[in-house]
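I opened this model to look at its helix packing, its sheet and its cores. My notes follow in the order I looked things up.

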Amino acid sequence: MARILSVLLALALSASTAHAHLLPKQTATINIVGRAAFCVVSVPVSALANVDDDGNGLLSIVELQRYATDIQRQFEGRFHVRNNGKAAASVQSLVMPPDDGAESDYVVLLHRANFDEDPTHTELTTDLFGANSGEAQMTVRATHEVDGNKVSEVAILQASAPSHLFFKGLWSTFADFVRIGVDHILSGPDHLLFLLTIIVAAAGWSYWLAVLTSFTVAHSLTLVLSALGTVRVPESIVEPGIAASIVMIALLNLRKSEAKGGLSSRARIAIVFGCGLLHGFGFSSAISSMAVDTGSRLATLAGFSVGIEIGQFLFLSSLVLMVVLGRRFITSPPRFSLPAVASVIAATLGTMWFIDRVLPLTQVL
């Protein structure tokens, strides 16, 4: 009977979402009702073995139908919902294309699992991460009704952190998103390169403190405003803009000194502030789909912001340490200017990123 009900539920869900996206890529939902967990999970094709016959990274309807049973088997062996450490019993899984009739680089699984007792400590573990860009994590939204109140929580699972225990409280959510913020900044080459360009522009703690404070205040402001929905800027503008900001700061670094017509420190700090506003919108895109209820949203935003600052501190501390060690062990000065070399590299990479991010827009137009 449970199997029949599960299939009917899946079919009803698929019918209601025909000709539409069932679920965005790299996301999952878990809705706990009584002793049952109803899951909708997007799984990248690159995470599945031996289902892509032509090797193009996409699954056609024919391939999906041919390997549906194998995809279900792989999913149920790699997506585990537990309560108090005990696995829920898988009842039924159903494979669906995210778009009706179109090839796609991911598939959607509708899944039901049953607990043998009322769930109190729900944990999810999975390694269904893809090999392509943007497929290294999964955003999971879980809901559970407790004493008549619906509780929601969002978690991000990664290869380095493939498990999450839900409904532990706001402090746990805060701590999780501190880690996510640190990972985001340290794995974001564009943000790190921008930090490098503003640091190498001049030496001295007073300058470093001023530009870093300016950048931090600016990106924190737009991160909060964007995450709360007060101000929105399309990602198609933000991402090329971030690349352009790297190029601009790098070119400013290559200009003559202030005494010979270059920018004053105050003007440079103002420019960094303006760039920081843009970078804040970039940070917010990473958590734009994670707002649930007000309490969870605030814990998520606060933890992510703290994590970003910790990540910046770790990166900049490593730079300072390398400079100190270099001055101690390298007795003869280099024949080239390290800030100039770093700025040339930053300008080159920033230009490449800008072109790469603008090209898709020109193709659409």
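**Helix pair α7 and α8**

I began with a helix pair: α7 and α8 cross in a left-handed way. By that I mean the near helix is turned anticlockwise from the far one by less than a right angle; clockwise would be right-handed. Helices are DSSP runs of H or I with at least four residues, strands are runs of E with at least two, and both are numbered from the N terminus.

Before going on I noted the basis. This is a predicted model, where local features need pLDDT of at least 70 and side-chain atom pairs pLDDT 80 or more, while totals for chains, interfaces and linings use all residues. Residues count from 1 along each chain as its sequence is written, and side-chain values use heavy atoms, without hydrogens or water.

I then looked up the angle. α7 and α8 pack at about 155°, with axes 9 Å apart. That makes the two helices roughly antiparallel, a label for angles over 145 degrees. Axes are lines fitted to C-alpha atoms, for helices over the stretch in contact, and angles run from 0 to 180 degrees between N-to-C directions. On the α7 side I found V238, I242 and I249 among the residues that meet α8, whose own include R268, V272 and F281. Contact means heavy atoms within 4.5 Å.

**Cores**

I checked the largest nonpolar core next and found 34 residues, with L195 and I198 making the most contacts inside it. Such a core joins buried Ala, Val, Leu, Ile, Met, Phe, Trp, Tyr and Cys residues through side-chain atoms within 4.5 Å; buried means under 20% relative accessible area with a 1.4 Å probe, protein chains only. Elements giving two or more residues include β9 (149-158), α5 (189-199) and α10 (338-364). α6 gives the most, seven residues. A second, separate core has 32 residues, among them V45 and L124.

Leaving out residues up to four places away in sequence, I198 touches Y207, V211, L212, I249 and V272.

I traced an open, antiparallel sheet of four strands, ordered β4-β3-β7-β10. Pairing requires at least two DSSP bridges. β4 (86-87) and β10 (163-165) are the edges. Three bridges join β7 (residues 122-126) to β10. L124 has H164 as its bridge partner in β10. Helix α3 (residues 68-78) packs on this sheet, touches β3 (79-83) and β7, and makes about 40° with β3.

Last, I looked at Q72, which lies in α3. Q72 touches S93, L94 and V95, not counting residues up to four places away in sequence.

Key. Buried means under 20% relative accessible area, exposed over 50%, partly exposed in between (1.4 Å probe, protein chains only). Angles under 35 degrees count as roughly parallel, over 145 as roughly antiparallel, 65 to 115 as roughly perpendicular and the rest as oblique.
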